[in-house]
Amino acid sequence: MRQTSFFDAPDDRPLASRMRPRTLEEFCGQDHLLGEGKILRRLIDADRISSMIFWGPPGVGKTTLARIIAARTKSEFIDFSAVTSGIKEIKSVMEQAEHNRQFGDRTILFVDEIHRFNKAQQDAFLPYVEKGSIILIGATTENPSFEINSALLSRCKVFVLNALSAADIVKLLHTAITDPRGFGGQNIEITEDSVELIANFANGDARTALNTLEMAVLNGRYEGDRIFVDRDLLEQCTSKKSLLYDKNGEEHYNLISALHKSMRNSDPDAAVYWLARMLESGEDPLYIARRLIRFASEDIGLADSRALELTVSVYQACHFLGMPECSVHLAHAVIYLSLAPRSNAVYTAYEAAKKDALSMLDEPVPLIIRNAPTQLMKDLDYGKGYIYAHDTPDRIARFDCLPESLRGRRYYHPTEQGSELRAKQRLDSILSFRQKPLP
């Protein structure tokens with residue numbers, strides 16, 4: 001925990017630090033959690049905060065929100081970093097929190113990058129969370145399901161914080177330009193298009209947006225008492241050309257659509273170009289990698305099942321390396337997907353089944369494939385007539401698994417593209433076998 005020194009000069013702090021919201025009213029974004037009547041807002045207003053995990057990308061306000069909660073709920077706030085602290089430091093802080101509790105004071109322990117703690121370190125929090133010595137608020141950019149111990153995770157509510165919208169960041173930048181904590185005491189000349197360029201470059205990260213604005217203002221052109229921030233200067237600060245993303249963020253969706261449809265149309269050159277456009281504009285490589293994983297099953301499927309394996313591997317490579325190194329891995333996947341045989345049979349099978357599932361929600365599971373763990377269930381004919389497929393010569397048992405109202409319904413219609421030809425031949429053989437009369 002860092003304490004403020006007498007010699008600290010607040011005005012020398014970075015703009016992002018000076019502009020940190022102090023209240024929920026100043027907090028920007030996350031309306032799905034903090035809007036009127038939303039669950040987290042209700043918990044804060046009622047002063048009924050429990051241990052929780054904030055999961056979201058960088059610069060969306062995880063630390064800021066924890067500080068606001070501590071101030072609003074009149075709790076002691078301890079800021080703890082998983083990068084620089086070990087079990088010794090954890091125990092020391094826990095003793096302080098336990099001391100506070102004995103005097104009726106609550107302690108909110110905020111742990112930034114909690115996913116960096118190993119199992120033993122995370123386990124050290126458990127007894128104190130259980131007996132209420134601390135209210136733990138952890139922040140992570142990684143999926144808590146994989147990075148947080150299940151015992152600790154089960155005692156915390158997970159709240160997902162989204163990347164800020166371009167409109168949210170534009171509002172934040174205007175506040176920084178006019179607020180006395182920011183550049184309100186200076187005469188800054190910057191066009192609305194330039195503000196929107198910064199907002200789109202930030203890609204949902206408020207800290208990146210404020211740092212970029214600060215760099216631009218500090219390097220602006222002085223004319224008398226005015227500071228001009230022009231377009232060329234901003235493009236130098238961002239190292240990106242302004243044509244890459246438009247002010248409404250629509251180009252973000254246009255470019256991913258262009259990439260997807262170029263791959264679908266087996267055009268590797270166009271696909272690599274659109275990939276480069278996205279990466280060089282500052283797009284998150286993991287976002288692209290996730291879209292490629294979807295493409296592998298939606299547009300290729302069983303025609304080449306290796307496509308799914310490859311794209312998952314590429315996602316991992318992007319996670320390990322980041323930009324710019326992972327650009328070659330994404331290009332590898334994009335070219336592979338562009339040249340792979342095509343089949344949307346898996347996608348159409350699920351969509352057709354989903355339609356029936358939503359319109360026929362109460363269809364009973366056939367008795368023959370129900371589980372029968374008790375005698376009562378056996379007496380009710382659960383599992384009666386079930387045949388273990390591996391006990392038959394053809395490894396196929398002749399009974400229907402669909403509800404009676406859906407008997408004979410077909411969802412999966414394989415193509416003859418690539419490896420799916422073998423799946424089609426196998427399915428045709430199975431269907432033919434099931435249509436033969438029983439001996």
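What radius of gyration does the protein chain of 439 residues have, and what would a compact globule have? The chain has 28 Å, whereas a compact globule of 439 residues would have a value near 22 Å. The radius is taken over C-alpha atoms, and the globule rule is 2.2 Å times the number of residues to the power 0.38. Along its principal axes, the C-alpha trace spans about 95 × 60 × 40 Å.

The model is predicted: local features need pLDDT of at least 70, side-chain atom pairs count only at pLDDT 80 or more, and totals for chains, interfaces and linings use all residues. Residues are numbered from 1 along each chain as its sequence is written, and side-chain values use heavy atoms, with hydrogens and water left out.

The protein chain holds 21 helices and eight strands. These are DSSP runs, numbered from the N terminus (helices: H or I, at least four residues; strands: E, at least two). Buried residues make up 43% of the 439; buried means under 20% relative accessible area (1.4 Å probe, protein chains only).

The largest nonpolar core contains 29 residues. Such a core is a set of buried Ala, Val, Leu, Ile, Met, Phe, Trp, Tyr and Cys residues joined through side-chain atoms within 4.5 Å. L173, I188, I190, L210, L213 and V229 touch the most other members. Among the elements that each supply at least two residues are helix 10 (166–178), strand 6 (187–190) and helix 12 (206–218). I188 touches I177, F183, V217, I227 and V229, not counting residues up to four places away in sequence; contact means heavy atoms within 4.5 Å. A second, separate core of 27 residues includes I256, M263, A271 and A340.

Terms used:
Buried means under 20% relative accessible area, exposed over 50%, partly exposed in between (1.4 Å probe, protein chains only).
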